[in-house]
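Visitor: Hi, I'm new to this one. Could you show it to me and walk me through a few details?

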Amino acid sequence: MNASDFVLGVTASLSGRRWLWRTGEERVASGIVQRLGVPEIVGRLLAARAVDIDQAGLFLEPTLRAMLPDPSALVDMDLAADRLAEAVRRGETVAVFGDYDVDGACGAALMVGLLRMLGCAVHHHVPDRIVEGYGPNVPALRRLVGLGASLIVCVDCGTAAAETLASVAGQADVIVLDHHKAEGPPPVVLATVNPNRLDDHSGLGTLCAAGVAFLAAVATVRALRRLGHFNGAAEPDLLSLLDLVALATVCDVMPLTGLNRALVCQGLKVMARRARPGIAALLEVTGARERLNASTCGFALGPRINAGGRISEADLGLRLLLTEDRIEALALAERLESVNRQRQDVESIIMDTAMRSAEAQVARGHAVLLVAGEGWHPGVVGIVAGRIKERFNRPACVTAISDGVGKGSGRSVPGLDLGAAIIAARQAGLLSTGGGHAMAAGFSLHSERMDAFHAFLDERLAAARVLPGAADLAIEGSLTVQGATTEVAQQLERLAPFGAGNEEPMLVLHRARVLRADRVGREGNTVRAFVEGEGGGPRLKVMLFRAREGALADALLARGQGMAMHLAGHLRAEAWNGSVTPCFVVSDAAIA
């Protein structure tokens, strides 16, 4: 690696990170600017995201008309749509079996809502994370059959539940709408629609389960239309379901490119109308008043919908998304807000102990950090694993132990496939259950096998040992304080929505001097500062979040000890009281 690869020569920032340039082809950037008439910074950012000249227009203005695929491209979709259409025409009772995370809740709400719009009686079930575990289980399936369901639709689960689903063979047909990676052939049910089943070549493997469910909705309405079912009557408004798809896509960390980008863009527009009482109520409870974006989904709505499934009633989120009563919606939203605060308390109790254990393992040279605790709540171990992974730049697994059995969750870093390692450990007999994908996985095991499991992961993911202690920071451009204007911030917004696969542009504000800094917020967990360029000029507000402690907060509060600082972060246009001003949100810093 050459010195020119490092942004402003930063090889160790205040958080220990290397700053590296992320650039695209100059030819592509220039071509985008010339063809679309966009500012140079937009062209450069698109090129850095590997968006070519022909794709750029659709990237900036994605439409479902141009990007929605034929649902029939998915294996078994036509079988599923025809059976759903038959259930509608015959007035059957249908059951929807969901999952306790945001994608499972949104996908289940989408299917329940669609079938009710079409006149079906619909029951739904979300399994309790601790009592029932993930996915279909025999007692729940038999209860749904007992309620009269002749068709069961599993959303965000079912691909790996062949034996369980066989328990209702001959009593109810089963359709699986899922996106989890399959290890072998699909279950023997009426239809398994999953872009990640081994024999599916649709190229739609980045859809979340709610996205798969939306395509199933499109295919079902098409099948009914073909049968003359509507006969001049109004068809269901499928676009009204896109708020659910957007929320699920963002919260399940699907890449916001291609079709997903179009689904989220259109879904955010639907969400902005606040027509769904549950989402409107949750936005009210969280105090989200700004223009809705992907961050609203990921940081305001998602954690609260998830909280019910983590430590309380598994179906709270689904009930919130389904209710049409605004008073009930507000009551459910307030309950989820309360449960989320409880989740934060439970998480904080575990976090300190887990972090200390992980730090000790780093010192001992472990490639993978595996921490466990007796009595820890299994509903928050995934969140804790994610924080450990961020802190130490290592794959991390956190396990809650009860009665000699551990239930764990893991998070990985780019380039190291944790899901494959977990599956291999299960196949080697070290785990009772286990699966996942490259960046996240879940598992269970007998506690006496913990050391052997840790050794297995260390060997399987040994490449993690040579990773730097903090992840490199990819920088896409630099600005002076004077150049960080509202107009530039608004141009950057054209690349939104931001998230996985389309991260918010990371820019460097070079040689800024801190004029004033203080702690703000209810718990003083945010640092607000004002900076100017070396030659004076306009002042710019900068914000540092999650700043309870650490070198970044200390440097800002000490005003950089009088020295100029390079600040890495995101430039945003901030609306307040009718005016729009620029604000720079800091992610990292280095002394100039």
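**Cysteines and a helix pair**

Guide: Let's start with Cys106: its sulfur is 7.0 Å from the closest cysteine sulfur, in Cys251, too far for a bond. A disulfide here is a pair of cysteine sulfur atoms within 2.5 Å. This is a predicted model, where local features need pLDDT of at least 70 and side-chain atom pairs count only at pLDDT 80 or more, while totals for chains, interfaces and linings use all residues. Residues are numbered from 1 along each chain as its sequence is written, and side-chain values use heavy atoms, leaving out hydrogens and water.

Visitor: Is Cys106 buried or exposed?

Guide: Cys106 is buried, at a relative accessible area of 0% (buried means under 20%, exposed over 50%, partly exposed in between, with a 1.4 Å probe and protein chains only).

Visitor: How many disulfides does the count come to?

Guide: The count is 0 disulfides.

Visitor: New topic: at what angle do helix 13 and helix 15 pack?

Guide: About 70°, with the axes of helix 13 (residues 294-311) and helix 15 (residues 326-363) 8 Å apart. The helices are DSSP runs (H or I, at least four residues), numbered from the N terminus. Axes are lines fitted to C-alpha atoms over the stretch in contact, and angles run from 0 to 180 degrees between N-to-C directions.

Visitor: Which residues make the contact?

Guide: Among them are Pro303 and Arg304 of helix 13 and Leu336 and Glu337 of helix 15, where contact means heavy atoms within 4.5 Å.

How values were computed. Helices (H or I, at least four residues) and strands (E, at least two) are DSSP runs, numbered from the N terminus.
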